[in-house]
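Morning, everyone. Please bring up the model on your own screens while I talk. I'll take the sheet, then the helices.

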Amino acid sequence: MKVHLRFGMHRDVKLIHDEKDRIDGLVVPAHILAYQSASTSVFVTSMHKKPYVIDPMTFVFQNPKEAYLNDAGEIRPSIQKLCDAYDDSLAKRILALGPEDFLPPNVFSQSNKFCQRVAQFQLEQVGKASATSGASKYLKRYAATQVTAPRAVIPPYFRFESIDHDWYKLSLECANKTRKLVNKVEVAPVICCAAATLTDAIVEKISKDYGNFQRVFIWIDRYVQTSVPSVDIRKVRRLLVALRGATVEIETLYGGFLLILSSFDGMSAISHGILYTQHKSTDLVPGSGGVPERYYIPAIHEFRSLSQTDLIIHKHPELICDCPVCEEVLGGEPDKIILFGDNPDLLRRHFLYCRRREADSITTSSPEAEAKRLRDVFKKYHDSFLALPNPDAFVSSSKIQGLEYLNHWANAFVAS
Ligand SMILES: [Zn+2]
């Protein structure tokens with residue numbers, strides 16, 4: 001299974017260069033490329049032909065405008081730049097609208113032109129911004145000269161709640177229009193909805209509507225892997241199986257180990273940031289909130305705060321990770337976990353090692369073997385984790401606590 005890194009922060013550039021063998025490609029959010037155009041383009045080009053796609057981020061326009069205004073009532077700079085890239089008057093029109101007006105086709109009435117601009121931005125922006133004299137200095141440093149095109153163009157897409165939803169129709173229209181407009185590279189649409197939306201009838205309609213694309217990305221809105229019940233996991237699996245049946249190659253825009261398990265359903269690639277965005281909600285506006293410094297515990301396929309990890313590995317030293325980063329930092333001694341706090345880049349390197357290992361090992365495993373392993377981990381550690389003082393174990397609206405999510409994963413793949 002492929003691992004694609006979702007680019008988020010320029011401070012990670014050196015780390016990504018150092019660890020580039022751990023990843024298969026990049027996903028670059030369009031608002032970052034629009035706002036920090038030269039530096040982002042240089043980074044993409046400096047990665048020496050690592051395949052990439054640009055996420056057009058058009059779903060942000062579905063949110064009430066208050067979500068992306070700053071305290072002064074102005075559109076945040078990165079969103080403003082994104083608007084400018086797609087349509088000269090988009091920002092003005094968005095600001096003038098109330099939420100009730102903000103429905104298709106009002107804002108995107110000339111969706112042909114909109115699709116054209118969104119595709120053009122993906123095909124041309126990296127090349128354009130890498131051609132400046134400032135950029136060429138940096139590119140020389142990385143001995144990178146050749147700009148490559150994205151491996152696919154992603155049409156404008158929006159979250160939908162039903163197939164009768166205008167947003168569903170608009171997304172599909174944009175996908176089909178973009179395919180007519182772009183010949184040089186593959187066109188790969190995004191299917192974006194919540195798991196609960198995926199009834200059998202909707203799954204059938206989606207696989208019919210998108211079955212003639214070679215590749216699709218899925219984004220299951222708010223698919224928080226530690227709180228999603230088996231019933232919703234099965235719904236997502238049905239969508240994947242239906243798309244696979246239509247011979248569509250499937251990737252996910254966000255995902256953690258739960259969606260790596262869907263390698264068994266035909267998922268071919270996963271993508272996420274470093275230490276964050278294993279899941280994402282469409283109503284969160286990009287650029288809000290920082291990245292938590294946390295440790296990925298491979299056995300439970302989740303992060304814990306450093307202080308919680310400290311408690312866990314003192315209690316269960318066998319959970320200390322054996323990747324090269326952890327061998328060097330910890331050398332098997334739980335007390336040394338504190339050293340990760342002094343150098344958070346090590347948390348990132350360790351995570352990328354673990355993720356690579358998970359993505360590689362799933363290809364030689366089976367649903368039965370994974371289900372057994374997950375159930376064993378639950379049995380061995382659940383009570384102990386729940387008994388920790390001040391546990392940052394998740395309690396969700398679905399009432400899934402501690403490590404119970406591991407059972408939900410197992411049960412969604414192999415009946416208990
Ligand atoms: Zn490690």
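**The sheet and a helix pair**

Start with the open sheet: seven strands, in the order β3-β2-β1-β9-β8-β7-β6, with parallel pairing. Keep in mind that this is a predicted model.

Which strands sit at the edges? They are β3, residues 52-55, and β6, residues 190-194. Each of these two pairs on one side only. From one strand to the next, the twist averages 25 degrees.

Now go to β1, residues 2-6. On one side, β1 pairs with β9, residues 267-272, in the parallel sense over four bridges. Look at two positions there. Lys-2 stands opposite Ala-269 in β9. His-4 has Ser-271 as its bridge partner in β9.

β1 also pairs with β2, residues 25-29. That pairing is parallel too, over three bridges. Stay on His-4. What is its bridge partner in β2? Gly-25.

α10 covers residues 230-245. Which strands does α10 lie across? β7 (215-221), β8 (249-252) and β9. Against β8, the helix runs at about 145 degrees.

Last stop: α16 and α17. α16 is residues 367-386, and α17 is residues 404-413. Their axes come within 8 Å. They cross at roughly 160 degrees. How do the two helices run, parallel or antiparallel? The cut-off for roughly antiparallel is over 145 degrees, so α16 and α17 are roughly antiparallel to each other. The crossing of the pair is left-handed.

Who makes the contact? From α16, it is Pro-367, Glu-370, Ala-371, Leu-374, Arg-375, Val-377, Phe-378 and His-382. From α17, it is Glu-404, Leu-406, Asn-407, Trp-409, Ala-410 and Phe-413. By class, this contact has nine nonpolar, two polar and three charged residues.

To recap. We have an open sheet of seven strands with parallel pairing. Over to you for questions.

Technical notes:
Residues numbered from 1 in each chain as written. Predicted model: local features only at pLDDT ≥ 70, side-chain atom pairs only at ≥ 80, totals over all residues. Axes fitted to C-alpha atoms, helices over the stretch in contact; angles between N-to-C directions. Parallel < 35°, antiparallel > 145°, perpendicular 65-115°, else oblique. Left-handed = near helix turned anticlockwise from the far one by under 90°. Contact = placed C-beta atoms within 7 Å. Nonpolar A, V, L, I, M, F, W, Y, C, P; charged D, E, K, R; others polar. Pairing = 2+ DSSP bridges.
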